[in-house]
Amino acid sequence: MSESIHSHLLVDQVYDETTFLIFLKALMDDRIDEVEKEKVSPSSPYGAGANGWQNDTIEGFLEAAIAWAEDSKPGIGDVESQTNAWKRCALILYMGKMYE
């Protein structure tokens, strides 16, 4: 299983601080893995990187995370995130990777 798929699956398993930190570690490892892959074989500058990262700077990542959080309403498509703030935070950060 690739790191990218692994971090995505961990979003659904976040329910407390411990599982949130496990998710953050997987997201960090996923980014490190993509940076290494991009050194060997760069992706097109007009699309996502090797592991699906749309945003390759911290400011781009944070901007996308904030935009997704503002554009989405807690609970749409995921009832659990209405009552699970840890999972909502994980979703916001994960979407910093995926959202443009």
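Student: What span should the 14 residues of helix H3 have at 1.5 Å a residue, and how far apart are its end C-alpha atoms?

Tutor: The model considered here is predicted. Helix H3 covers residues 58-71, and at 1.5 Å a residue its 14 residues should span 20 Å. The distance between its end C-alpha atoms agrees with this expectation, because they are 20 Å apart.

Student: Which residues of H3 are buried, and where do they lie as seen down the axis of the helix?

Tutor: The buried residues of H3 are Gly 60, Phe 61, Ala 64, Ala 65 and Trp 68. Seen down the axis of H3, these buried residues fall within an arc of 135°, so they line one face of the helix.

Student: Which residues are exposed on the other side of H3?

Tutor: A residue counts as exposed when its relative accessible area is over 50%. On the other side of H3, the exposed residues are Ile 58, Glu 59, Glu 63 and Glu 70.

Student: Against which helices do the buried residues of H3 pack?

Tutor: The protein chain has 4 helices and 0 strands, and its elements run α-α-α-α from the N terminus on. The buried residues of H3 pack against helix H2 (17-40) and helix H4 (85-98).

Student: How many residues are in the largest nonpolar core, and which elements give two or more residues to this core?

Tutor: In soluble globular proteins, nonpolar side chains tend to be buried together. In this model the largest nonpolar core has 14 residues, and those with the most contacts inside it are Val 11, Val 14, Phe 23, Leu 27, Ala 90 and Tyr 94. The elements that give two or more residues to this core are helix H1 (3-11), H2, H3 and H4.

Student: With which residues is Ala 90 in contact, leaving aside its neighbours within four places in sequence?

Tutor: Ala 90 is among the buried residues of H4 and among those with the most contacts inside the largest nonpolar core. Leaving aside neighbours within four places in sequence, its contacts are with Val 14, Phe 20 and Phe 23.

Student: Which side-chain oxygen reaches to the backbone nitrogen of Trp 86 at the start of H4, and to within what distance?

Tutor: The 14 residues of H4 should span 20 Å at 1.5 Å a residue, and its end C-alpha atoms are 20 Å apart, which agrees. At the start of H4, the backbone nitrogen of Trp 86 is reached by a side-chain oxygen of Asn 84, to within 3.1 Å.

Student: What percentage of the 100 residues of the protein chain count as buried?

Tutor: A residue counts as buried when its relative accessible area is under 20%. Of the 100 residues of the protein chain, the buried share is 36%.

Note on methods: Residues numbered from 1 in each chain as written. Predicted model: local features only at pLDDT ≥ 70, side-chain atom pairs only at ≥ 80, totals over all residues. Heavy atoms only, no water. Expected span 1.5 Å × (residues − 1). Buried < 20%, exposed > 50% of the residue type's maximum accessible area, 1.4 Å probe, protein only. Arc of directions from axis to C-beta. Contact = heavy atoms within 4.5 Å. Core = buried A, V, L, I, M, F, W, Y, C linked by side-chain atoms within 4.5 Å. Polar contact = N/O pair within 3.5 Å; in protein donor to acceptor, adjacent residues only side chain to side chain.
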